Amino acid sequence: MAEWWRNAVIYQIYPASFQDSNNDGVGDIPGIISRLEYLKKLGVDIIWLSPVYKSPQVDNGYDISDYRDINPTFGTMADFDALLEKAHALGLKIMMDLVVNHTSDQHAWFKASASGKDNPYRDYYIWRDGTQEQPPNNWGSFFMGPGWQYDSSTEQCYLHLFAKEQPDLNWENPAVRADVYDMMNWWLDKGVDGFRMDVINYISKPDGLPDAVRSPDASYANPEPLVANGPKIHSWLQEMNHEVLRNRRVVTVGETPGVTTEEAERYASLKGNELSMVFQFEHMALDTSPNPVLGRWAERKASLRDLRANLSKWQTALHGKAWNSLYWNNHDQPRVVSRFGDDSSETTRVLSAKMLATLLHMQQGTPFIYEGEEIGMTNANFTQLSDYVDIDSLNAYQEIVVEQKLLDDATMLRCLAKHSRDNARTPMQWSDAVNAGFSENKTWEKVNPNYRDINVENALNDPNSIFYHYQKLIHLRHTLPVITDGMYQLVEGNEADDEIYAFTRKNADTTLFVLLNYTNDTHTRDYAIPAGAKRIISNYADDEGQTLRPYEAKVYQF
Ligand code: NOJ
């Protein structure tokens, strides 16, 4: 089925960190407008805008207090309308972030809900009898601590899977669903082109809200196995599709932690009765700690075997049935070049960033590029706790180091440096001007000091930059149908290779042969490269055939 977005590439903007136009230290919508030409040059098709709605910013906009207004730090609705108009004029689409598992506790619905047990909005949220000491069940919050907050005025607790300022909406209530659909239709009528749906597979909680399995040394249980892909999720998404999405030319991506390939086949089926695609998280969990309490606060690197096995599973399982999303980065993940690549020297940074880009962009699905990924921005390199601003990083430190004493300060700082969400949120590095050309004022999150070398201006001036490699990958996707529709197959014998990743993409008339060296050493393999095969992209100028130099990536077409 030829959906318009099937060969598109999506670029994610985290508004607070993209471009500040009024020098208050926070990025804004006019700033984004001023950079649209840059995105056009890169060649992307769709912009996913992380939340710009009115919000107290407890979780950087993922706590929305008014779904139909813009946060003043980002601008006005008139600014948003101008963004939409200018983006469309350039042929760029805009995808909004839809955060409807929860609202802010400052949303009018929640204020009404908390005002009394008889208020008509009481049932918009999930209230149960309990106290702070004896909450309704043992669920923890994903940001540490309990998943329930006691409200002394009405003597009940409300559920919050994230911060206590992010109460979960009660999707069982048909009025909640109707209000959400109404709001979505309002944005689509305005002209936006789709939605990225925040933790959308958490909206259906299991009947009776039973306790979850708690690991012995954890204070609270991880609710994810119970709340992910809950009992009514598919019927509600089909209802949403019916009420909002069908008959519109929109693209949707569901953020679905804990999703399996079987579930994804339903969410993102080619039949299209739920979503266009979903974000799976398995490849983001390959470098986590074996200790469930520590989770992602670990220091190891994912092996090529694990990574390839996982990506291959998704490529194969969804082919012909459902649609994959492809990503390395977003505002919640560390920078790919520091995580799966090698930022230890300028040479390895550039080579490995291009290798990883080639790996991802040659797979089947819709690639997402997170701001700064296209110039190889690295992790933040913060060394002290006071540099961190993310609620998740700070809560994790408090819980793991101060309260539970599971890690010492130095170890936790190293884990934060590897996995904190702050790594993704340092301001976009535009040039070597003050604050990387992002803002003239003190920035809300520190600028990475490597901006003097790693910045857009340098990238645009260097024909061999990571930027132009991404530009070429995007162009290839737009011009070679096999990248969109071709079947993925691992080269025989590659499954157990610890250094080289080799796969093919094949449709009726074209084959692509993708060879990637995941290491900083040279390796030779005897894979047959057919005579006459044309090398269409690489991160090295010349070709040594079966010998792959450090982080070499190349694609042949025949
Ligand atoms: C997932 C978002 O990507 C993340 O940034 C946010 O904190 C949580 N959902 C809660 O909305």
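This is a predicted model: local features need pLDDT of at least 70, side-chain atom pairs count only at pLDDT 80 or more; totals for chains, interfaces and linings use all residues.
**Exercise 1.** Determine how many aromatic pairs a search of the whole structure finds, and classify the geometry of the pair formed by Phe-80 and Trp-187.

*Solution.* For Phe-80 and Trp-187, the centre-to-centre distance is 5.2 Å and the angle between the planes is 85 degrees. Since planes over 60 degrees apart count as edge-to-face, the pair of Phe-80 and Trp-187 is edge-to-face. Phe-80 and Trp-187 are both buried.

**Exercise 2.** Carry out the corresponding analysis for the rings of Tyr-488 and Phe-503.

*Solution.* The ring centres of Tyr-488 and Phe-503 are 5.0 Å apart and their planes meet at 35 degrees, so this pair is tilted. Tyr-488 is found in strand 14 (residues 487-490) and Phe-503 in strand 15 (residues 500-506), so the pair ties together parts that are 15 residues apart in sequence. As to accessibility, Tyr-488 and Phe-503 are both buried.

**Exercise 3.** Identify the aromatic cluster to which Phe-80 and Trp-187 belong, and then locate the charged ends over the rings of Trp-323 and Trp-127.

*Solution.* One aromatic cluster is formed by Tyr-53, Tyr-67, Phe-80, Trp-109, Tyr-121, Tyr-124, Trp-186 and Trp-187. Turning to the charges, Arg-6 lies over the face of Trp-323 at 4.6 Å from the ring centre, while the charged end of Arg-122 sits over the ring of Trp-127, 3.6 Å from its centre.

Methods:
Residues are numbered from 1 along each chain as its sequence is written. Side-chain values use heavy atoms; hydrogens and water are left out. Rings of Phe, Tyr and Trp (its six-membered ring) pair if their centres lie within 6.5 Å; planes under 30 degrees apart count as stacked, over 60 as edge-to-face and the rest as tilted. Buried means under 20% relative accessible area, exposed over 50%, partly exposed in between (1.4 Å probe, protein chains only). Helices (H or I, at least four residues) and strands (E, at least two) are DSSP runs, numbered from the N terminus. A charge sits over a ring if NZ of Lys or CZ of Arg is within 6 Å of the ring centre and within 35 degrees of the ring normal.
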